[in-house]
Amino acid sequence: MSTHINDDAYFAKTVLMPGDPLRAKYIAEHFLKDYKEVTNTRGILGYTGKTMEGKEISVMASGMGIPSIGIYSYELYAFYGVENIIRIGTCGGYQKECHVGDVIIATSASSSSNFAYQFDLQGGVLAPCSDFSLILKAYENAKKMNLKVHVGPIFSSDVFYDANKDYYKKFADLGILGVEMESYGLFLNAMRLHKKALCILTVSDTFVNKDEKDLTKEERQEKLNDMFKLALTMAD
């Protein structure tokens, strides 16, 4: 079935996808019950278990960047019967109202990536979006949990150490909420295969609120736990 995921791996219909394999392991160990490791090919760990409410869910790492999540999300959708993939990760905030520690629910992802070149759009620009039903469910659940959330577009970058330090301003001026490195590829695969995708992010640093410090290791764990708990409410 796949050279990147164990052939006999069993996944739930909904898969949470952090970038870091150890973060996938952490979620399984701290938030799931009756879980089993279902894949570990190339060190990319995946688990299937149940939420504390008894709903089946899986969690698997995506690795870093659009090419990596592009491979894993495609294979989960196409070969393993997965219907919903929810990326969970961190981002840099582009707007003053997006403070460090806040949660962003992404509605769409812009990008300078060449990932959509494969579709031969002849100059057209494809703007991939999250699934509305997942957006609405996540937003309503976040409000019930009293989480401070922002809902809007994000930017998926191929570059972490950008030579142009002011490049972000072009997107910030257009109302983009923050930057990460994966969702564009995930959303395009969901569109291509007629599946559902969502991205939930925690703002770990900010480009614009200069008086705010990046999340410390301890703060990051606490804030990411809030995001993990929200993502787990998306299990069917």
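**Figure 1. Surroundings of Phe11 in the predicted model.** Once its neighbours within four places in sequence are set aside, Phe11 is in contact with Ile5, Val38, Thr39, Thr48, Ser58, Met60, Leu76, Tyr80 and Val82. The model shown here and in the other views is a predicted one. Phe11 also belongs to the largest nonpolar core, a set of 35 residues in which Ile5, Phe11, Met17, Met60, Leu76, Val82 and Ile104 touch the most other members. At least two residues of this core come from each of β1 (14-17), α2 (66-79), β5 (84-93), β6 (103-111), α5 (183-193) and β9 (196-206).

**Figure 2. Packing of helix α1 against helix α6.** Helix α1, formed by residues 21-31, packs with helix α6, formed by residues 217-232, at an angle of about 70°, and their axes lie 12 Å apart. Because angles of 65 to 115 degrees count as roughly perpendicular, α1 and α6 are described as roughly perpendicular to each other. On the α1 side the contact involves Arg23, Tyr26, Ile27 and Phe31, which meet Arg220, Gln221, Leu224, Asn225, Phe228, Lys229 and Leu232 in α6. Sorted by class, the residues in this contact of α1 with α6 are six nonpolar, two polar and three charged.

Figure 3. A search of the whole structure finds zero disulfides.

**Figure 4. Gly185, a buried glycine in helix α5.** Gly185 has its place in helix α5, where its relative accessible area is 0%, and it is therefore classed as buried. Not counting residues up to four places away in sequence, Gly185 touches Ile66 and Phe115. Between Gly185 and Leu126, which are 59 residues apart in sequence, the C-alpha to C-alpha distance is 11 Å.

**Figure 5. Gly123, an exposed glycine in the loop between β6 and α3.** The loop that holds Gly123 runs between β6 and α3, the latter covering residues 132-144. With a relative accessible area of 72%, Gly123 is exposed. Gly123 and Phe160 are separated by 37 residues in sequence and, from C-alpha to C-alpha, by 26 Å in space.

**Figure 6. Asp34 and Arg42, two residues with positive phi.** Most residues other than glycine have a negative phi. In Asp34, however, which is a residue other than glycine, phi is positive and near 55°. Asp34 is found in strand β2, residues 33-39, and counts as exposed at 62% relative accessibility. Arg42, likewise not a glycine, has a positive phi of about 60°. The place of Arg42 is in the loop between β2 and β3, the strand of residues 46-50, and at a relative accessibility of 63% Arg42 counts as exposed.

Methods. Residues are numbered from 1 along each chain as its sequence is written. This is a predicted model: local features need pLDDT of at least 70, side-chain atom pairs count only at pLDDT 80 or more; totals for chains, interfaces and linings use all residues. Side-chain values use heavy atoms; hydrogens and water are left out. Axes are lines fitted to C-alpha atoms, for helices over the stretch in contact, and angles run from 0 to 180 degrees between N-to-C directions. Helices (H or I, at least four residues) and strands (E, at least two) are DSSP runs, numbered from the N terminus. Angles under 35 degrees count as roughly parallel, over 145 as roughly antiparallel, 65 to 115 as roughly perpendicular and the rest as oblique. Contact means heavy atoms within 4.5 Å. Ala, Val, Leu, Ile, Met, Phe, Trp, Tyr, Cys and Pro count as nonpolar, Asp, Glu, Lys and Arg as charged, and the others, Gly among them, as polar. A disulfide is a pair of cysteine sulfur atoms within 2.5 Å. A nonpolar core is a set of buried Ala, Val, Leu, Ile, Met, Phe, Trp, Tyr and Cys residues joined through side-chain atoms within 4.5 Å. Buried means under 20% relative accessible area, exposed over 50%, partly exposed in between (1.4 Å probe, protein chains only).
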